[in-house]
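Here is a short walk through one protein model, with a few helices and some individual residues picked out along the way. Have the structure open while you read.

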Amino acid sequence: MDLTKDLELYIEQNSEDEPEILAQLRRETYQKTTQPHMISGYLQGRILSIISKIINPNLIVEVGTFTGYSTLCLAEGLNKNGKIITIDKNLETSYIPEKYFRQSQFSNLINYKIGEAIEILPNIEDGIDLVFLDADKESYSDYINILLPKLKKGGIVLADNILWKGKVVGDAKDKKTEAIRKFNKMIKLNNSVEVVILPIRDGISIIRKK
């Protein structure tokens, strides 16, 4: 079934309300950035929130902050002594997440790092409960190879844009599409994890470490 605008509206009307701070952040993202579609948005944000609440993690690692919408959604489920480390290399938009992180009730739980994730991730401690991948797609396989050994048994990785606008099943040969195909195949063949892909927005993989 195609998700029509009416069905999408119905889903939103019958799901948990979007917190006001996130509504403000979403509006500002559309007003002040050139690629606002990169934001997780209402429905995906509520999914991130409820998964995080189910896990109640002590340590979340997010690769790809953008304007911080998904960071704040994930932070909703943190243990009271937990923290989220979120990484992004874009200095141009960094003022937006910094502003909203300060305003949020999770300000002291968020560690916002600006730089190359491939250089930062090896220095993060073991014992990660939850990972959200939503950065450069060509590096997904590299990121997961660093993060899986640091992930707790039973820990979860959520990987976004895993269907890549449907290109993964077409004839596209561009680098990003090929990288996502490689990542999906690698995860499927990895006996240390189990995976299911949800066809939400651009596709989200839920990967659980056995």
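## Helix α8 and its surroundings

What do the buried residues of α8 pack against? They pack against β4 (128-133), α7 (140-147), β5 (151-160), β6 (193-198) and β7 (204-209), where contact means heavy atoms within 4.5 Å. A quick note on the ground rules: this is a predicted model, so local features need pLDDT of at least 70 and side-chain atom pairs count only at pLDDT 80 or more, while totals for chains, interfaces and linings use all residues. Residues are numbered from 1 along each chain as its sequence is written, and side-chain values use heavy atoms, with hydrogens and water left out. Helices (H or I, at least four residues) and strands (E, at least two) are DSSP runs, numbered from the N terminus.

The buried set in α8 is Thr177, Ala179, Ile180, Phe183, Asn184 and Ile187; buried means under 20% relative accessible area, exposed over 50%, and partly exposed in between, using a 1.4 Å probe and protein chains only. They cover an arc of only 160° around the axis, so they sit on the same side of α8. That arc is taken from the directions from the helix axis to the C-beta atoms. On the face turned away from the buried side, α8 carries the exposed residues Lys175, Lys182, Lys185 and Leu189.

The length of α8 checks out too: its 15 residues (175-189) should span 21 Å at 1.5 Å a residue, and the end C-alpha atoms are 21 Å apart, which agrees. The expected span is 1.5 Å times one less than the number of residues.

## Serine 205 in β7

Strand β7 holds serine 205, which counts as buried because its relative accessibility is 2%. Leaving aside neighbours within four places in sequence, serine 205 is in contact with Val157, Leu158, Ala159, Ile162, Asn184, Val195, Val196 and Ile197.

## Helices α2 and α5

Two packed helices are described by the angle between their axes and the distance between the axes. For α2 (residues 20-32) and α5 (residues 95-103), the axes come within 11 Å and cross at roughly 165°. Axes here are lines fitted to C-alpha atoms, for helices over the stretch in contact, with angles from 0 to 180 degrees between N-to-C directions.

Where they meet, α2 brings Ile21, Gln24, Leu25, Glu28 and Lys32, and α5 brings Tyr95, Ile96, Lys99, Tyr100 and Gln103. The buried residues of α5 are Ile96, Pro97, Tyr100 and Phe101. They cover an arc of only 125° around the axis, which puts them on the same side of α5. Their cover includes α2, α4 (69-75), β2 (83-88) and β3.

## Tyrosine 112 in β3

Tyrosine 112 is found in strand β3 (residues 110-114) and is buried, with a relative accessible area of 17%. Neighbours within four places in sequence aside, tyrosine 112 is in contact with Thr65, Thr86, Asp88, Ser94, Pro97, Glu98 and Phe101.

## Two positive phi values

Most residues other than glycine have a negative phi. Asparagine 56 has a positive one of about 50° although it is not a glycine. This asparagine 56 lies in the loop between α3 (41-55) and β1 (59-63) and counts as partly exposed, at 39% relative accessibility.

Tryptophan 164 also has a positive phi, near 50°. Its place is the loop between β5 and α8, and tryptophan 164 is buried, with a relative accessible area of 14%.
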